[in-house]
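Subject: Structure for you to look through

Dear colleague,

Please find below the structure that I promised to pass on to you.

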Amino acid sequence: MKNGVVIVGAGHAGVQAAASLREEGYDGPVLLVGDEKELPYHKPPLSKTFIKDGAAQPQLLRGEVFYTGHSIDFRPGTLVERIDATARRLALSGGGELAYDHLILATGSRPRALPLPGADLTGVLSLRSVADARLIREHSAACEDVVVIGGGFIGLEIAATLAAGGRRVTVVEALDRLLGRAVAPLIAEHVRKRLEATGIRILLKTTIERIEGENGHVAGVLTSTGERLPAGMVIVGIGVVPNVELAEAAGIAIANGIRVDTAMRSSAPDILAVGDNASYCHWQTGADVRLESVQNATDQSKLAARTIVGHPGDYAAVPWFWSDIGDMKLQMVGLTTGSDRQILSGDPSENRFSVFHFAGDRLAAIESVNRPADHMLGRKMLGLGFSPTAEMVASGAEALKAALAALPQQG
Ligand SMILES: Cc1cc2nc3c(=O)[nH]c(=O)nc-3n(C[C@H](O)[C@H](O)[C@H](O)COP(=O)(O)OP(=O)(O)OC[C@H]3O[C@@H](n4cnc5c(N)ncnc54)[C@H](O)[C@@H]3O)c2cc1C
């Protein structure tokens, strides 16, 4: 235990891993190395509030005293450039080295780049970090028209937030619906109508031919339908790619992410991976997944800490996610993979409803709009492996609560 645990990446997963190591009683050195200069912060508020509030500060994951108080050696502004998995050493940019007994890779993901002419113009931005969010805030203050490329969660959150801040926003989406395959078509359509009602223009089945500029700054985009959209800022929100290059160069197995087993171990001895960068075979569906959510980053990191202290468990957390898009709180629990039947509960016209997804008789997932009770019940039901009948779903939350209460208590 002389070198302890080095955690690379000080985002949601890395900070949780450091905290969990101490909670699990690990008393060796813990080094948390991150390339960002800030104290680690919550990413979700960046797209929901931070970019429209000029005075907003990042919400810290933990106060500074947490790191000193738990003997966590936090090294901000430090980029890890190479792993020598045989010698158990890391090379840092600038020339330093770090030795480890265990390494946790919590390097997250980064926005997918747009391979288009004009993508390098000033004012073409994407959002991952607080530095990105500050740039968006700055550019947004100086422009009226914004084009958001990509109608996924982050693109739509940004669109709604900037529109609420008075910008004229157009969303350009290549598919024939919003939110890709992430939610039921009913929800995607609901979101589209509601955003359009706030004045956001949404172009489906439309791609971008090129981004046009004046004096090096973005001025507009040309769409595949030949329309020219004015834009003082363009936000690229076309998904993320996992940061796997460090691991890949060290010979660690990669499959749409750093491949981990159920205890978060990679193919290299004593190297674990957690969060947005980790891919694994999901316990519920048997399918390979790489989830991008705070829940996944948190639960995988807790498990990685247990693996290191010698109490490995099997990753079996119920996946859940949320997104705030304008006046819609979307909450998803479970995975829809393999589901073949949907039951609607509630009324979309009231902006409060849920879609229950079943694979045969098995409850697979629940997607809710402004129905937090359904979401919380979904977490319980999926955690217990309980599937309600269609009648129970139709009867509403009280019937589901009663069905859960009637289950035999598990010891
Ligand atoms: C704007 C935004 C809104 C979001 N909203 C939601 C939401 O509403 N709900 C939800 O569940 N999830 C949301 N997410 C997703 C969630 O934030 C991610 O799933 C989560 O941050 C993943 O945690 P992570 O630690 O794996 O990655 P990150 O939090 O990205 O942390 C990785 C860190 O590693 C650093 N790093 C990478 N490589 C190196 C290296 N070589 N050396 C040193 N440091 C390195 C990165 O700079 C970064 O700081 C949102 C994400 C964004 C960007």
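A residue is called buried if its relative accessible area is under 20%, exposed if over 50%, and partly exposed in between, using a 1.4 Å probe and protein chains only. Please keep in mind that this is a predicted model, in which local features need pLDDT of at least 70 and side-chain atom pairs count only at pLDDT 80 or more, while totals for chains, interfaces and linings use all residues. Residues are numbered from 1 along each chain as its sequence is written, and side-chain values use heavy atoms, with hydrogens and water left out.

Let me begin with the salt bridges, where a salt bridge is a side-chain nitrogen of Lys or Arg within 4 Å of a carboxyl oxygen of Asp or Glu. Side chains of opposite charge can pair when their charged atoms come close. The structure holds 23 salt bridges, and one of them joins Arg192 to Glu189, with the closest N and O atoms 2.5 Å apart. Both residues belong to helix α6 (residues 185-197), where they are three residues apart, about one turn of the helix; helices (H or I, at least four residues) and strands (E, at least two) are DSSP runs, numbered from the N terminus. Glu189 is partly exposed because its relative accessible area is 31%, whereas Arg192, at 18%, is buried.

Another salt bridge connects Glu212 with Arg210, at 3.1 Å from N to O. Here Glu212 counts as buried at 17% relative accessibility, and Arg210 counts as partly exposed at 38%. Salt bridges that share partners also join Glu144, Asp145 and Arg168 into one network. Within it, the closest N and O atoms of Glu144 and Arg168 are 3.2 Å apart, and this pair links distant parts of the chain, since Glu144 is in the loop between α4 (130-141) and β10 (145-149) while Arg168 is in strand β11 (residues 168-172), 24 residues apart.

Next come the aromatic rings. Rings of Phe, Tyr and Trp (its six-membered ring) pair if their centres lie within 6.5 Å, and planes under 30 degrees apart count as stacked, over 60 as edge-to-face and the rest as tilted. The structure holds five aromatic pairs. In one of them, the ring centres of Tyr67 and Phe74 are 5.2 Å apart and the planes are at 25°, so this pair is stacked; Tyr67 and Phe74 are both buried. In another, Tyr280 and Tyr315 have their ring centres 5.4 Å apart and their planes at 80°, so the pair is edge-to-face. Tyr280 lies in strand β20 (residues 278-281) and Tyr315 in the loop between α8 (294-308) and β22, so the pair ties together parts that are 35 residues apart in sequence.

Finally, please look at helix α9 (residues 372-384). Its buried residues are Asp374, His375, Leu377, Gly378, Met381 and Leu382. They cover an arc of only 165° around the axis, which puts them on the same side of α9, the arc being that of the directions from the helix axis to the C-beta atoms. On the other side of α9, Lys380 and Gly383 are exposed. Just after α9, Gly385 takes a positive phi of about 70°.
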